[in-house]
Amino acid sequence: MKSSIKYICLGMFSAVALTACSDQFLQDKKNFEKFTAEIYDNYDGAKLRVNSIYGLCLPDPNSGAGWNNNCTGNDDDQSKSTEEYASFSLFVDPEKELSASTGTMVPDYFQYQQKFLVNAWGRIRSINECIQGLENSSLSREQKDELEGQCYFFRAWCYYNFVKWYGGVPIIRDVQDTSADSYTPRSSAKACFDFMLDDLNTAAAMLKEATGNGGWGSEDWGRVTTATALALKGRVLLLWASPLFNRSNDKTRWTTAYETMKEDLSSIDACGHGLFQESNNINASSFGRLFGDRKNIEDVFVTLFNVNDMDTDAGINNQWERKIRPANTGGQGLEPSAYFVDMFPMADGKLPSTVTTYSKLKKSDIDYDRNVPFYSRDPRFYRTFAFPGVRWAYNGDASQGGQNHNPSDGANYALWNYRWYVDLNDQGNPESGSSYGADNLLGNAKGMYVRKRTDDADLGNESQYTYMSTAEKGGFTYSAAPYIEIRYAEVLLNLAEAACGANQIDDALIYLNMVRQRAGVPDYTTADFLGEAQAACMSAILLERQIELAYEGKRFDDMRRWMLFDGGANFGEVADAPATWRLSGWGGNTCTWLGFTPFNGQRRERMEFRTADKYGVGTDKWDGDPILNNSVERCAPLDLRKDLTDQQEVLKTWYTENLVRKDNRGDGYNSITHDDLYIHFYAKYYFLGLSLGAQNRNDARLEQTIGWENNNTAGMGTFDPLAE
C-alpha cells in the first residue's frame with residue numbers, strides 16, 4: 001500500500017485520570033490523537049489513548065453500514081439485501097450491476113484516504129502505534145497486558161470487517177514509514193485468518209487477569225474482555241468454516257471451530273456472561289428486556305451511550321429508539337417487509353405452512369391467516385414488530401392535544417396505524433402511497449413497525465432515554481441504551497452451527513434449544529427434520545439466527561457466508577473465476593442442501609391495514625378517520641404484560657370486522673410496463689472488488705479481486721481470495 005498518512009505529534013495532551021463515571025469513559029473516547037510517546041509512561045494517560053481506539057472502532061447504531069461501520073440493523077444497503085426490509089439496495093438491484101470503474105460503483109469498505117482519521121487503514125495505524133507505545137513504555141507488565149489486550153482485540157475486529165468482504169487484505173503489524181515507497185501487498189485469506197486468531201488469542205490471554213473472574217468492575221464496564229475476544233474468535237472460526245471460504249466443506253475446519261469454541265465457552269462464562277432470563281418470562285419479556293438494560297449478563301461486546309446534550313462534547317446518544325418509534329410519539333418509524341412478517345414462526349416455533357423456504361423443516365400445524373398476522377406467533381414476534389392494536393408504552397407525552405385519539409401520556413400509548421384513502425381509485429392500487437394513517441400519523445404512517453430492541457416502558461426497565469417534547473428536541477433523542485454487537489445468544493448459536501458442521505447434532509441441538517427455551521418456544525428434535533439430519537439441523541440453526549438476531553445487523557453476513565442468494569451456483573458468471581471457486585461440498589449448492597429457496601428471484605412487498613370498504617373514504621386531516629367517524633369503538637389493544645390468548649381473539653375479531661390487508665409494492669418494478677422486478681445478487685458480490693477510489697490511491701501492485709475491473713492495469717482483477 002502507498003503510505004501517505006500524515007502523522008504529526010503536536011504535543012502531549014493532559015493526562016486526566018479516568019474516573020468511575022461511565023459518562024467520562026464515553027467522553028474520553030472522543031479523540032486523543034495528538035500526543036508524544038511519553039503519554040504511555042503514565043497509566044491514566046495511556047488509558048485515555050486506548051479509549052480513543054474505542055472511539056475509532058466501536059460499532060455505531062446511529063449510522064448505516066459503510067467503510068467505518070458494520071451493519072447494526074438499520075435499513076441500509078446490507079439489511080435491505082435481506083428479508084428484513086423491502087426496496088432494492090445496491091446489492092440486490094437487478095438493473096444496476098455494481099462496477100469498480102463506471103456506472104453504479106461498488107461500495108468502498110476498503111477506504112483509503114490521505115486524511116489520517118478519515119481512513120479505514122488509519123485505524124490500523126492508530127492501533128499499531130498504541131500497541132507499540134504501550135509495549136515500549138515503563139508501565140508494569142500487568143498494566144501493559146490490560147491495555148494492550150484491548151488494542152489487540154480491536155485490530156482483529158477491524159480486520160474481521162475487512163476480510164469478510166475482501167478475503168485477503170494487507171496485513172500491517174507495525175507503524176509504517178510515511179514514504180511513498182512503503183508498500184504492503186494483499187495477503188492470502190488464510191494468512192489473514194491466522195493473523196486475526198493470533199490477535200484474539202493474545203487479547204484473551206492478556207485480559208484474563210483483569211476480566212476472567214466476572215469481568216470488569218463497574219467503572220470499566222463496557223470495555224472489551226477475554227469473553228469479547230473469544231466470542232469474536234468464534235465468529236472468525238465460523239466464517240473460515242463456512243461455504244464462503246470453505247468451498248470443499250473441509251470437515252477439519254468445522255471440527256476445529258467446534259472444539260475450540262466449546263472449550264472457550266467456559267472462559268466466556270467466567271467473565272460473567274450467560275443468557276438473560278427472568279423468572280416471570282411472559283411473552284418473551286426476557287428477550288425484549290435485555291436490549292434496554294444498561295448492563296446485563298448477555299452483553300459480550302457493547303457500545304455505550306449517555307443522555308447528555310449532543311450539542312456538547314460529552315453527548316453520545318443512541319438514536320435507535322427515535323428511529324423505530326411512530327411519528328406521533330416523536331419518532332420516525334422503520335418498516336419491516338411483509339415477506340419477513342409472513343415467514344416468522346408460529347407459537348410452536350415452527351414456520352407457517354404457507355412458507356415454502358426451509359423445506360427440510362416441518363411446518364407448523366397452526367394455520368396462518370395473513371389478514372391477522374399477529375395471531376398465534378412465536379413470542380418474539382411481538383418483541384420484533386408492532387402493528388395496529390398493540391400497546392407500546394413510553395415515558396413521555398406526545399398526545400398532541402387529543403389528536404392521537406390516545407390517552408394523555410405515553411404510559412398507556414396504543415399503536416393504531418391503520419390507513420384510509422380519500423380516493424377509492426387509490427384504495428386497491430399497490431403502487432399508491434396516497435393513504436392516511438390513524439391518530440395523526442397521516443402521511444407518516446408505516447404499515448408495520450420494527451419494534452426490536454425497543455426500550456418498552458411496559459418491560460419494567462428504568463428508561464434509558466430522557467423524553468423531550470417534539471417542540472424541543474424530538475421525543476427519544478436522548479437515549480443511553482447500549483448497542484449490543486455480540487450477545488451471549490449469538491455465542492450459543494455460533495457454537496450450535498460449528499457443532500452441526502462437525503456433525504455433532506446432539507450437541508448442536510443443546511445450544512440451539514437453550515436460545516429457544518429463553519424465547520418460550522418448544523425445543524427442536526430430530527423429529528422436526530425432514531431428510532438428512534445434518535442439513536436439516538443446519539437449516540434450523542440458520543432460521544433461528546434469522547429470528548433471534550433479527551434487526552441486529554447479522555442476517556446479510558449469514559446470507560453471504562452460506563451463499564443463500566443462489567446457493568453458489570453462479571460462479572461461472574464471474575470473469576476469470578477459477579474452478580476452485582465452485583462448490584464441491586454441500587452437493588454443489590448450499591440452497592439445495594439446506595432446502596432453502598434461493599433469495600435471488602424473490603420479491604419483498606410492504607403490508608398495510610386499511611379501513612374496510614363499508615366505511616368508504618376519509619379525509620386528509622387528523623379527524624378524517626372513517627372508522628371513528630362511523631362511531632365504531634376500538635377494542636382494547638394487546639397488552640404484552642398479560643396472557644395473549646383471549647386478547648388475540650378480541651383483536652382478531654376487530655380486524656375481521658373493520659380492516660382489510662393490502663400489500664403495497666416494496667421492491668422495484670418497471671415504471672413503464674409496471675412489471676415486477678426480482679432480487680438479483682451477482683455472484684461476484686460474494687467477494688467485493690476494490691473501488692475506483694481505493695485503486696487510484698494505491699499503485700498497481702495492490703491487486704484487484706478476480707471478477708472486478710482493474711483500473712491500475714489493463715484487464716480484470718487477478719487476486720484470488722481463496723488461494724493459499
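Buried residues are those with under 20% relative accessible area, exposed residues have over 50%, and partly exposed residues fall in between (1.4 Å probe, protein chains only). The structure is a predicted model, in which local features require pLDDT of at least 70 and side-chain atom pairs count only at pLDDT 80 or more, whereas totals for chains, interfaces and linings use all residues. Residues are numbered from 1 along each chain as its sequence is written, and side-chain values use heavy atoms, with hydrogens and water left out.

Helices are DSSP runs of H or I with at least four residues, strands are runs of E with at least two, and both are numbered from the N terminus. In helix 13 (residues 488-501), 14 of the 14 residues are buried, so this helix is largely enclosed by the rest of the structure. The expected span of a helix is 1.5 Å times one less than its number of residues. For the 14 residues of helix 13 this gives 20 Å, which agrees with the 20 Å between its end C-alpha atoms. Just after helix 13, N503 adopts a positive phi of about 65°.

I541 is located in helix 15 (residues 533-548) and is buried, with a relative accessible area of 0%. With contact defined as heavy atoms within 4.5 Å, and neighbours within four places in sequence left aside, I541 is in contact with L493, A496, E497, C500, A508 and L512. The C-alpha atoms of I541 and T184 are separated by 39 Å, the two residues being 357 residues apart along the chain.

A nonpolar core is a set of buried Ala, Val, Leu, Ile, Met, Phe, Trp, Tyr and Cys residues joined through side-chain atoms within 4.5 Å. The largest such core has 198 residues, of which F91, W121, F153, F154, F245, F374 and F387 touch the most other members. Helix 4 (residues 141-166) gives the most to this core, with 14 residues. Not counting residues up to four places away in sequence, F154 touches I53, Y54, C57, L58, I127, V224 and F301.

Rings of Phe, Tyr and Trp (its six-membered ring) pair if their centres lie within 6.5 Å; planes under 30 degrees apart count as stacked, over 60 as edge-to-face and the rest as tilted. The whole structure contains 63 aromatic pairs. One of these, F153 with F154, is edge-to-face, at 5.2 Å centre to centre and 75° between the planes; both F153 and F154 are buried. The ring centres of F340 and F344 are 5.7 Å apart and the planes stand at 65°, so this pair is edge-to-face. F340 and F344 are likewise buried.

A charge sits over a ring if NZ of Lys or CZ of Arg is within 6 Å of the ring centre and within 35 degrees of the ring normal. The charged end of K652 is placed over the ring of Y375, 4.4 Å from its centre, and K684 lies over the face of W708, at 4.4 Å from the ring centre.

Most residues other than glycine have a negative phi. Y358, in the loop between helix 10 (338-343) and helix 11 (381-384), has a positive phi of about 55° and counts as buried at 1% relative accessibility. M563, in the loop between helix 16 (555-561) and helix 17 (590-594), has a positive phi near 55° and is buried, with a relative accessible area of 0%.
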